[in-house]
Amino acid sequence: MDELELFTAAIKRWDPSATDCLPQYMKGVYMVFYNCVNEMATEAEKTQGRDTLSYARNTWEAVFDAFLEEAKWISSGYIPTFEEYLENGKVSFGYRAATLQPILTLDVPLPLHILREIDFPSRLNDLASSILRLRGDVCGYKAERSRGEEASSISCYMKDNGGATEEDALNHIDSMIEEKIKELNWEFLKAESNVPIPSKKHAFDILRAFYHLYKYRDGFSIANNETKNLVMRTVLEPVPF
């Protein structure tokens, strides 16, 4: 825990000198992450016409705080309430962080008032993060439990509802996901929105890509040939004309 707290503090300092306080094996990781975020912010400034680094830093700080909170739960064996778990889990899944900087580097103007309707604390972001966290838990909670990670939406639901079985929890969470997907589709397509659909589309497509990884299995933690082939076809292979 001490080393995780040091790393989280270093992320918040956001300075290469922060590595002086880190164990040797963390120094390289920190610098790669530091340089990557800074480089993406430089690219985003070219397309958005403003410095977005502080915005990105705040996003990543929230993610690392959420990671640290989960590490504390694992260390102590604490099982939070379902609501407490989901609020933290929406952040720790990392959808916001994984979406924010890529969409800012694309040639789509995202002034602050529009960005706030896509990014946190928008309803679109909240729904997307909830769907992915819950779907990830459904696919991965058994593997996580075998590693000593007891807290999941399944275990938290069972704790909150004495006598509930795993099947009860899974059925409830599947229903939640189904309802949130319906609401998300409406949020994306609704005509009275102040945000044009093209401005929301890239964030929506990143959600779809993540969801596909978890649709039938945990395709992120267990990168089998199917997952690798999907990435190859999507990112590297040319699109036929």
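Residues are numbered from 1 along each chain as its sequence is written. Because the model is predicted, local features need pLDDT of at least 70 and side-chain atom pairs count only at pLDDT 80 or more, while totals for chains, interfaces and linings use all residues, and side-chain values use heavy atoms, with hydrogens and water left out.

So, what is in the chain? Of the 241 residues, 42% count as buried, where buried means under 20% relative accessible area, exposed means over 50% and partly exposed is in between, with a 1.4 Å probe and protein chains only. Among contacts with a separation of 6 or more, 64% join residues 24 or more positions apart; contact means heavy atoms within 4.5 Å.

Let's look at helix 9, residues 166-189. Helix 9 has 24 residues and reaches 35 Å from its first C-alpha to its last, close to the 34 Å expected at 1.5 Å a residue; the expected span is 1.5 Å times one less than the number of residues. Its buried residues include Ala169, Ile173, Met176 and Phe188.

How does helix 9 pack with helix 7? Helix 7, residues 123-146, meets helix 9 at an angle of about 155°, with axes 9 Å apart. Axes are lines fitted to C-alpha atoms, for helices over the stretch in contact, and angles run from 0 to 180 degrees between N-to-C directions. Helix 7 and helix 9 are therefore roughly antiparallel; under 35 degrees counts as roughly parallel, over 145 as roughly antiparallel, 65 to 115 as roughly perpendicular and the rest as oblique. Their crossing is left-handed, meaning that the near helix is turned anticlockwise from the far one by less than a right angle, with clockwise being right-handed. Residues making the contact include Leu124, Leu127 and Ile131 of helix 7 and Leu170, Ile173 and Ile177 of helix 9. By class, this contact has 13 nonpolar, 1 polar and 9 charged residues. Ala, Val, Leu, Ile, Met, Phe, Trp, Tyr, Cys and Pro count as nonpolar, Asp, Glu, Lys and Arg as charged, and the others, Gly among them, as polar.

Now for helix 8, residues 153-160, which packs against helix 9 at about 110°, again with axes 9 Å apart. Helix 8 and helix 9 are therefore roughly perpendicular, and their crossing is right-handed. Among the residues in contact are Ile154 and Tyr157 of helix 8 and Ala169 and Leu170 of helix 9. This contact has 6 nonpolar, 2 polar and 2 charged residues.

Ser152 is buried, with a relative accessible area of 3%. Not counting residues up to four places away in sequence, Ser152 touches Tyr85, Asp137 and Tyr141.

Next comes helix 3, residues 53-76. Its buried residues include Tyr55, Phe64, Leu68 and Trp73, and their cover includes helix 1, helix 2 and helix 7. Just after helix 3, Gly77 takes a positive phi of about 75°.

Last stop: Trp14, in the loop between helix 1 and helix 2. Its phi is near 50°, a positive value in a residue other than glycine, and Trp14 is buried, with a relative accessible area of 8%.

Definitions and conventions. Helices (H or I, at least four residues) and strands (E, at least two) are DSSP runs, numbered from the N terminus.
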